[in-house]
Amino acid sequence: MSGKDYVEKDYYKVLGVPKDASATEIKKTYRKLAREFHPDANKGDAKAEERFKDISEAYDVLSDEKRRKEYDEARSLFANGGFRSGGPGGTGSYSFDFGDLFNGNQGGGSGGIGDVFGGLFNRGGRQAQPRRGSDVETEVTLSFEEAVDGATVPLRMTSQAPCRLCNGTGAKSGTTPRVCPTCVGSGTVSRGQGAFALSEPCRDCRGRGMIVDDPCTDCHGSGRASSARTMQVRIPAGVQDAQRIRLKGKGAQGERGGQPGDLYVSVHVDPHPVFGRKGDNLTVTVPVTFPEAALGGTIEVPTLNGPSVKLKLPPGSANGLTLRARGKGATRKDGTRGDLLVTVEVVVPQTVTGDALTALEQYREATASDDPRAALFRAAKGA
Ligand SMILES: [Zn+2]
Ligand SMILES: [Zn+2]
């Protein structure tokens with residue numbers, strides 16, 4: 001059973017009492033249910049047996065004022081979506097890192113929210129297992145050029161690491177934690193008898209298996225501290241706006257030889273004043289004159305971070321025609337590049353004077369018999 005399952009269990013629902021039920025009410029309800037589903041009264045009924053187990057488990061937690069409070073806190077955190085740690089690529093079974101998330105809030109040598117989770121989830125001697133580091137989320141904003149070409153950017157990150165003063169033991173310098181005498185270091189104890197023996201977190205060490213008598217002054221016994229580090233992160237070429245990049249093994253470090261977590265970087269890309277992006281291709285709009293469009297010619301086109309290129313504009317090019325400059329687009333993962341898509345836009349002069357005016361008037365006369373709207377009117381009449 002994972003920690004999440006544990007918290008997803010609704011003990012109030014199991015007992016059928018409201019969340020604000022009094023201790024007396026819980027006790028009364030429990031007694032009634034326990035009588036009803038007791039194995040002695042339901043011989044061979046597996047469902048009743050299961051129900052009896054659930055009822056006992058629920059009552060165990062809710063009847064203990066302190067544990068009930070811890071349980072309520074843990075549940076409300078889950079309900080608020082407090083856990084983003086873990087995430088995709090996690091180990092699946094136990095990727096939440098409660099210590100990372102909550103030890104920072106601790107004010108005293110014991111107690112605090114980190115202990116709540118320690119108590120609730122470090123069952124079955126789990127604390128002896130290697131633990132994978134948690135995944136870390138961060139954001140970065142790149143310029144348009146950086147996104148196209150790839151860039152190495154510094155990312156400053158804070159994460160939880162073993163406390164340096166106590167080397168993660170949680171014990172004050174010069175002292176060492178001692179093995180919990182109640183559970184002999186396993187972190188769990190068995191209660192009940194026979195088929196209904198329940199394994200539960202040791203209450204004396206809160207499931208940690210160790211007891212710290214003199215808490216470390218830096219981490220207050222949690223054994224963890226936040227550390228800030230700046231990492232140079234290579235963002236690959238061709239990254240798109242709103243893309244999320246996974247950098248394997250760049251998250252929080254693991255514990256007891258566990259794998260490090262992953263780093264997820266959400267990328268924002270600033271727009272470029274001239275160039276746009278369509279997948280691997282870059283786009284640019286280039287103004288051309290009417291004579292250029294009509295007669296054709298060679299137009300010079302800027303490229304991103306490179307020398308300009310010359311493109312052939314065919315005679316009779318329509319406004320909005322798109323030309324292609326091969327290999328002048330964004331860099332792909334394999335190092336090849338997309339194209340630059342050049343859209344021509346015929347510009348109309350605001351004022352025409354002098355020789356240009358004379359020439360244009362002559363042009364109008366010369367083309368007076370060509371009615372550009374003739375086809376339009378024919379079509380409008382449905383001919
Ligand atoms: Zn113990
Ligand atoms: Zn410490």
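## The zinc site

In this predicted model, the site of the zinc ion (ligand 2) is tetrahedral, with angles of 101 to 117° among its 4 donor atoms. For comparison, the ideal angle for four tetrahedral donors at a metal is 109.5 degrees. The zinc ion (ligand 2) is coordinated by the SG atoms of C163, C166, C216 and C219, at 2.2 to 2.4 Å, and along the sequence these donor residues follow the spacing C-x2-C-x49-C-x2-C.

## Salt bridges

Side chains of opposite charge can pair when their charged atoms come close, and the count in this model comes to 11 salt bridges. One of them joins D135 to R132, with the closest N and O atoms 3.0 Å apart, and both D135 and R132 are buried. R132 and D135 also belong, together with R246 and D262, to a network of salt bridges.

R203 forms a salt bridge with E200, the closest N and O atoms lying 3.6 Å apart; R203 is partly exposed at a relative accessible area of 41%, whereas E200, at 6% relative accessibility, counts as buried.

A further salt bridge is formed by R326 and D339, whose closest N and O atoms are 3.5 Å apart. These two residues are 13 residues apart, and both lie in the loop between β14 (322-325) and β15 (340-346). R326 counts as exposed at 63% relative accessibility, while D339 counts as buried at 9%.

Key:
Residues numbered from 1 in each chain as written. Chains lettered and ligands numbered in written order. Predicted model: local features only at pLDDT ≥ 70, side-chain atom pairs only at ≥ 80, totals over all residues. Heavy atoms only, no water. Donors = N, O, S within 2.8 Å, 3.2 Å for Na, K, Ca; no water. Tetrahedral: all angles 85-135°; square planar, octahedral: opposite > 155°, others 65-115°. Salt bridge = Lys/Arg side-chain N within 4 Å of Asp/Glu carboxyl O. Buried < 20%, exposed > 50% of the residue type's maximum accessible area, 1.4 Å probe, protein only. Helix = DSSP H or I, 4+ residues; strand = E, 2+ residues; numbered from the N terminus.
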